[in-house]
Amino acid sequence: MVPYAVFTHPPLGRTGEMTGELLEFDVAKNAAAQAERADVGRVWIAHENGTVRGAAVHAPHGAELAQFLTPFVAAGLTIDLLRDLLTVHPTFTEALQSAAL
């Protein structure tokens, strides 16, 4: 697995496989606070055990959000762990946590 980014405006960040159950999240609330454009991010979850399989984020800081999820994919960590993390408020990473709720 090789995470990558395309530095367009906004950037696109991807990691892992794009298979499994799809969760979409909206970073607009946090992006609006910084007067930036925001799009929807996607996280793929293994249906059988809840592990994070991959992510694609085409939004402000999309490359960083994909990088944040890379250890989840590489280590087979679950979406439940992401839900239970304490995140800094307000941040773009917080939008990922909201998707897990």
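With which side chain does the side chain of Thr-70 make a polar contact? The first legend answers this.

This is a predicted model: local features need pLDDT of at least 70, side-chain atom pairs count only at pLDDT 80 or more, and totals for chains, interfaces and linings use all residues. Residues are numbered from 1 along each chain as its sequence is written, and side-chain values use heavy atoms, with hydrogens and water left out.

**View 1. Thr-70 and its contacts.** Thr-70 sits in helix α2 (helices are DSSP runs of H or I, at least four residues; strands are runs of E, at least two; both are numbered from the N terminus). Its side chain makes a polar contact with the side chain of Thr-15, at 3.0 Å (a pair of N or O atoms within 3.5 Å, one able to donate a hydrogen and the other to accept it; residues adjacent in sequence count only if both atoms are side-chain atoms). Thr-70 counts as buried because its relative accessibility is 9% (buried is under 20% relative accessible area, exposed over 50%, partly exposed in between; 1.4 Å probe, protein chains only). Leaving out residues up to four places away in sequence, Thr-70 touches Met-1, Pro-3 and Thr-15 (heavy atoms within 4.5 Å).

**View 2. The bend in α2.** Helix α2 covers residues 62–75. The helix bends by about 30° at Leu-69, and Pro-71 follows within four residues (the angle between axes fitted to the seven residues ending there and the seven starting there). After α2 comes Gly-76, with a positive phi near 70°.

**View 3. Strand β4 and its partners.** Six bridges join β3 to β4, running antiparallel (strands pair if DSSP finds at least two bridges between them). Glu-21 stands opposite Ile-45. Val-52 in β5 is the bridge partner of Ile-45.

Conventions. Expected span 1.5 Å × (residues − 1).
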